[in-house]
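This briefing covers the chain contact, the ligand site and some backbone details. Please look over the sequence and the 3D view before reading on.

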Amino acid sequence: MSNNCDVIVIGAGHNGLIAAHALAKAGKSVLVVEQRGEDEEIFPGFRLALGADDDAGLLRQSVIDALGLVEKGVAFVEPDVTAFAPQPNGRSLTLHRHIQQSIASIATHSTHDAGRFAAWREKIGQLTAVLEPHLHQTPTLEQMGTLLLGQPELVRYANVSARETLDWWFENDALKGLLASSSVIGLEHGPYAQNSGFMLLYQYANADGGGFRASRFVQGGMGKLRQAMVTAAMGQGVRMRGETAVSHILLHDGRATGVVLADGETINAELVVSSATPRHTFFNLVKPYNLEPRFMRRVRSQVYRGTTAKLVLAVSQLPEFVGQTEAGQLDGHIVICPSTEYLERAADAGKYGRFPPKPLLDITIATHHAPELAPAGQHLLNITMRYAPYTLRGSSWGEQRAALAETILQTLANYAPGLRDTILHQRLITPLDWEQQFGLTEGSLHHGQMGLEQMFAMRPVPGWGQYATPIGNLYLCGAGAHPGGGLTGLPGSNAARQILADLGA
Amino acid sequence: MPLPTPFHTRTAPLCESHSWRDWSGYLSPSMYELSFEREYWAIRNAAGVIDISPLFKYDIIGPDAEAMLNRTVTRDMRRCRVGQVFYTPWCDETGDMRHDGNIIRIAADHFRVTTADPMLRWFEDCGYGMDVTITDVSTRYAALALQGPNSRAILKQLTANLDLDTLRYFRMGMGIINEIEVMITRTGFTGDLGYELWVEAQHAEALWDRLMRVGRAYGLLPFGLTVLDMVRVEAGLLLIEVDYIATNHAVIDGQKSNPLEAGLDWAVNFDKGEFIGRKPLLADQERGPEWRLVGLEVDWAELERLWAAVDLRPKVVYRTTSRESVPVYRGGTNGRLQIGQATSHLFSPLLKKYIALATLKTPDATLGSEVDLEMTVEYSRVLAKAKIVQLPFFNPARKRE
Ligand SMILES: Cc1cc2nc3c(=O)[nH]c(=O)nc-3n(C[C@H](O)[C@H](O)[C@H](O)COP(=O)(O)OP(=O)(O)OC[C@H]3O[C@@H](n4cnc5c(N)ncnc54)[C@H](O)[C@@H]3O)c2cc1C
């Protein structure tokens, strides 16, 4: 049987699978090529879908429905506690799925803020409701104009720093720190910088009403979600090739005609759709010298600059945090970020090429919603850390790994004093690791930062925000395309819709 | 204040007119004397030398140097052999001209490009991701253009190691002058027999001194940019920002032009594979370019006729090239229709004709046909009968022999 097909999708991340599914459903023969293998045992007796994110709150219902994920066995876990923030003074703040409970917890810190919280949440809800339909469309410059001219409140909130908007509303550091922790995801700079205002809104789009960002987990772990997506795609006839990297995209006369795999095999196709980062796609798979210089320069100028590290811990028992009164408080995100200033100082270090002595930590306990990942009674902690700059000043990640792990553990020791003695295994993933093992350029989670200059019709670069590329028959469908990163499923579904429209199907 | 070139200590005392121009940030003589004539006739009848050090120079070195240039320019650089020089334009992705220049192949993996405008970033962008290093060597090398019928005889006196009789047009050889290594290319901007000498900047003065000493017996004179601008029109050579506008300088799309429109179709090779701007150029080739570069000639009888109307002899002599563009029409005074513009024009003292480089609408650009060139006769705009002629206007056999 010929291995040629209508469409080759590069990468079996969420977006690649979602695009493959939609294209196959429209009658195309689709092959997905993914460099990574199935999720391995992370430690003896422990399994974890490492590359995958831990929170599925952003995944849109339209995508869940289109792939029939619920029918394929995906169950979402929505714990009552969404975020728990232990404080340096031994107290804590807890946000819940139900806003009245959140307000009660806030009231123990500030009656002023407790009184404002519901109105703030409603305001954010109004703004994200305006934003939401734009995230589902192929972006145009006209659309940006409409937003800029017609939505002054959205522009006001999206265009300033998160610190600014939080200061408009609140006085309490613990609350503002916790909320600000969502505003810097995937960003190089801190909550005092522009773009954090927009990221805050982005993380609240698709959120429920309790006050923390969009958040929910997948029963059995994120690997289950991916498996269901694979099942859905294969159900439409999509073929999968795992553990096979695409070495380069075949070009003829400025058009993509297929791919060459790392083992030298050639596969021809009418269309190539890449969910790899734009930089990887254009520079490694297409090669810069096959691009016209002006476009090449734009791709070269794209900002990636990852700042996220992850420490996975296998522990022999559940940790206990300061300010914790009940076990359920650890069901959601455990956030170490006692103030916006704390977060900004962490960002300062990253800005100058170092990691901070007091980092932002966002911890989830994977075994809460997926106990089968670990031996009975033992647990897996997913610790996301910022700011770990991709480029270290005067040093390298090879030299700094141990020091970073130690910094994270020391910070943790201040909030969960006994945890260190329970550690069975640990694994650190630096921004360089994200790049080398997961294909994330410069370790950028979002396949290019979600700064306003790289959003909407300007994502990935100005002039090419409609999923098509200057290379004929080559499309982008990953987080590097609109609306960007996070497990929304939107780049994949938007791209597939646009491709079919371009084909006149 | 513009910078002195490596020859400044020698050119400054000779520049009696004190008329200097700013050429890419360097002080450059416009004319050495108060009249252009001796310099002009030296080039055509004896020899002239001009300091061309302000040109930008780039070394393109590495295993991918040929491939990098081949994707950048419109000519097939694979056919440029070591020791050969190619004149070529290059385009941006729209197929419009970004610039033009000479490329010298010094070795299989070593080229030197000379340009009038800075081009480092463009070349770097064109070669990004390729195994090639691009270095701006503009200040490392000083350069002279030795031009005119006596130029070979002079050069023979200077360098014994290089056989100048076999150094062909657009070829390069390494000469030793006064123990100084000099790269000699048989190139120039005059359309005459001539050479360009490239030397490390610290040897500039020694080269100049030796050249002028030997050249005296051959009537060698230094010349400036004013006269260069005259002889290059006679030679039918385009000047950037005058006869065409580079894409990065164009304010509106209408100002841009592609090589097919600029008379450089001979320098566009569609068969060599992908290069920047190929697709739109090919489309334009198939459609037929809208514009064509032509040469226009107004003969002496016509000039006399125009000025006779005001009882004057033609007031065109003793003038240098005008870069003030003027309209070209067809259809005579009644019902005239503008078909283009002349961008460089002058009375050629050598040819005794008024000549112009003009860009005309293709259907009106047929060789031999007659058009009307606007001229000014005593404050009045009049139409001169001009003939479309083959370029270059002046093409002596000695240029290539
Ligand atoms: C550590 C981390 C934590 C995150 N946490 C969250 C979270 O909790 N919630 C959330 O919503 N978002 C999170 N994100 C962001 C989110 O994961 C991404 O923005 C989103 O998943 C991107 O999906 P994608 O399908 O576009 O790209 P990816 O998931 O990056 O998929 C691209 C795929 O292409 C493959 N690939 C690349 N190059 C090649 C090649 N040459 N040949 C073959 N295959 C190739 C890669 O291996 C990869 O599997 C997180 C990201 C990271 C890195």
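B:Arg278 pairs with A:Asp253 in a salt bridge, with 3.9 Å between the closest N and O atoms. The model is predicted. In the contact between the chains, 13 residues come from chain A and 14 residues from chain B.

**Interface of chain A and chain B**

- Helix 12 of chain A, residues 293–301, gives the most to the side that touches chain B, with 5 residues.
- By class, that side of chain A has 6 nonpolar, 2 polar and 5 charged residues.
- The area buried between chain A and chain B is about 1300 Å². Carbon and sulfur atoms give 51% of that area.
- Between chain A and chain B, 6 residue pairs are in polar contact, with both residues at pLDDT 80 or more.

**Salt bridges**

- Side chains of opposite charge can pair when their charged atoms come close.
- Over all chains, the structure holds 44 salt bridges.
- One of these links B:Glu93 with A:Arg294, and the closest N and O atoms are 3.1 Å apart.
- B:Glu93 sits in the loop between strand 5 (85–91) and strand 6 (97–107) of chain B, and A:Arg294 sits in helix 12 of chain A, so the pair joins two chains.
- A salt bridge here needs the nitrogen and the carboxyl oxygen within 4 Å. The B:Arg278 and A:Asp253 pair has its closest N and O atoms 3.9 Å apart.

**Ligand site**

- A:Asn15 places a polar side-chain atom 2.7 Å from an oxygen atom of the ligand.
- A:Asp54 has a polar backbone atom 3.3 Å from an oxygen atom of the ligand.
- A:Asp55 has a polar backbone atom 3.0 Å from a nitrogen atom of the ligand.
- The ligand taken alone exposes 990 Å², and the protein buries 90% of that.

**Backbone details in chain A**

- A:Arg386 and A:Tyr387 are joined by a cis peptide bond, with omega about 0°.
- A:Tyr387 lies in the loop between strand 16 (379–386) and helix 15 (397–415) of chain A.
- From A:Arg459 to A:Pro460 the peptide bond is also cis, and omega is near 0°.
- Where is A:Pro460 found? A:Pro460 is in the loop between helix 16 and strand 18 (474–476) of chain A.
- A:Asn206 is not a glycine, yet its phi is positive, at about 75°.
- The loop that holds A:Asn206 runs between helix 9 (196–204) and strand 8 (217–218) of chain A.

Conventions. Residues numbered from 1 in each chain as written. Chains lettered and ligands numbered in written order. Predicted model: local features only at pLDDT ≥ 70, side-chain atom pairs only at ≥ 80, totals over all residues. Heavy atoms only, no water. Contact = heavy atoms within 4.5 Å. Buried area = accessible area lost by both parts, 1.4 Å probe. Salt bridge = Lys/Arg side-chain N within 4 Å of Asp/Glu carboxyl O. Polar contact = N/O pair within 3.5 Å; in protein donor to acceptor, adjacent residues only side chain to side chain. Helix = DSSP H or I, 4+ residues; strand = E, 2+ residues; numbered from the N terminus. Nonpolar A, V, L, I, M, F, W, Y, C, P; charged D, E, K, R; others polar. Areas by Shrake-Rupley, 256 points an atom, 1.4 Å probe, with all protein chains shown as cover.
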